[in-house]
Each structure stands twice: as C-alpha cells, then as structure tokens.
Amino acid sequence: MTAEFVTLETSPEHPGVGTIRLNRPPMNALNRQVQAELVAAAEEASVRDDIKSVVVYGGPKVLAAGADIKEMNDMSFADMSKVAGRLQDGLGAIASIPKPTVAAVTGYALGGGLEVALGADRRIAGDNAKLGVPEVLLGVIPGGGGTQRLARLIGPSRAKDMVFTGRFVGAEEALAIGLVDEVVAPDDVYDAALKWAGQFAGAASVALAAAKTAIDAGLDTDLTTGLKIEAQLFASLFATEDRTIGMESFVANGPGKAKFTGK
C-alpha cells in the first residue's frame, strides 16, 4: 500500500542518506495511520542496503505538533489499552533503525512530535524551534516513549520539569540542556541534517549498527552487563568483510583510507 503521509526518499545529491518525511498538513498530526506509516518507513530504511543513514523531517514549518487529539477524544481506557503499544511503536519507530539517524526540527516538535525526534541519535533544530511534552495539559502523560527517552536524554529532574509543566522549550534552552545537539537557522536545518547523515555513506555500516546496539542496550542495563554486550558485539565484527578491509588498509596505508563494503 502506498503511504499517504510518510515517505522514504533518497536523492543522487546525497548518496546513502534516506529521508523519512512527514507530510500531513497543516501540523503533521500523528494519527494512527501516520504512526503505521512511520513503522513501515523505518522498517524499509532498516533493510535497504543503499541507505546508510536516515534523516527524519517534517518540512520547513513543523516537525509535528503531536498526536491527533480528535482521534483520541472519545477513546475509553479499554480502547486505549488496545492501541497504546502500537502508539509507542509508531512514535518510537525511528529508534528501531540500526543506522545513524538525525531529526531535523523546524518549528514545533510537541508531544508525539518530540517523541519521534527523541528516537533519533541526534537532533538538529532551527533557532525558531519550540519543543515540549504538553500532554499533562490534556490530563494525560506522554505515551509514545516521552517519559522514558526524555529522562534518559536530559536527566530525570529536567524531564520532570518539562512533563509536569507542559511548557515549551526554545532552541537555545534545548541546546543547553542537551535536548538538541545543534542549532542553526531554520532554512539550514535540513541541509545540516543531510550533512551530518552524509558522512556515513562510506562507513562500516555493520560496525555502526553494532556500536548503536552496544550504546542503546548498555544504557538499559548495569555496567557489567553492558560490558558483556560490548565484548560480544566487538568480537562478532571479526566475522565481517569490513573488519578485514579496515585493518588491512590501516596496516598498508594508515587510518581513514579503507573502502568498506558494508558486509
């Protein structure tokens, strides 16, 4: 089925980079269809060999202003209990991609929109960006991973301040607390994200996937277990072509000259 609101795009100008683009005007409200399409786009980006990294982008005016509240308005506890897991899967879909990911944030990234961005490895925002998790103002809490990913990213105290108050955070404050990693002019956000993602076009993609798994899985456990995860993944890379290519190239030509195959 052709996606209506979420597309996965590539271009010859940026080889190796896929863009997951949200396009549900006017504010990219994240209804159940958008959530399902996000999952499908993330799955496709994960398996395509021509895509080495991913940008998630909502266009020049907004990333996404949250879930579709009209869709939720008449839902009961029993209704939401049936779909809450799918909500988390959809809004957290970017986190499932085993490749470097970056969210390009222009304008608003609120509620589910911020939760989508939190699933990325990096966030680049325009200086006009407004980020927040205002669900408490609706009598609920973030349900797409916001309470968990936000606390892990900026710490529990700052996360509680944002969740408890529902306030919007501007770009400079977001940079200061580690909610975003880079702030640029709004017109430069997408290009900056493409530039960051583009540096992995010729990288050892199996090693990058292992690094991402080691970091993410390690954060969910204790240090001893995390070190065991790292050791296992480190050893596994000695079964790859890229390890052979990388080390032989280093011995022969020094660092940074290997031509990896992604295998």
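Okay, so the crossing of α5 and α6 is right-handed, meaning the near helix is turned clockwise from the far one by less than a right angle, with anticlockwise being left-handed. Quick word on where this comes from: it's a predicted model, where local features need pLDDT of at least 70, side-chain atom pairs count only at pLDDT 80 or more, and totals for chains, interfaces and linings use all residues. Residues are numbered from 1 along each chain as its sequence is written, and side-chain values use heavy atoms, leaving out hydrogens and water.

Helices here are DSSP runs of H or I with at least four residues, strands are runs of E with at least two, and both are numbered from the N terminus.

Back to our pair. Helix α5 covers residues 146–154 and helix α6 covers 156–165; their axes come within 7 Å and cross at roughly 135°. Axes are lines fitted to C-alpha atoms, for helices over the stretch in contact, and angles run from 0 to 180 degrees between N-to-C directions. That makes α5 oblique to α6; under 35 degrees is roughly parallel, over 145 roughly antiparallel, 65 to 115 roughly perpendicular, and the rest oblique.

Who touches whom? From α5 we have Leu-150, Ala-151 and Ile-154, and from α6 Pro-156, Arg-158, Ala-159, Met-162 and Val-163, where contact means heavy atoms within 4.5 Å. In that contact of α5 with α6, seven residues are nonpolar, none polar and one charged. Nonpolar is Ala, Val, Leu, Ile, Met, Phe, Trp, Tyr, Cys and Pro; charged is Asp, Glu, Lys and Arg; the others, Gly among them, are polar.

Now look at α9 (205–219) and α10 (223–236): they pack at about 170°, axes 9 Å apart. So α9 and α10 are roughly antiparallel to each other. Their contact by class has five nonpolar, three polar and no charged residues.

Strands β6 (108–110) and β8 (130–132) run parallel, joined by three bridges, with Ala-109 opposite Leu-131 in β8.

Note on methods:
Pairing = 2+ DSSP bridges.
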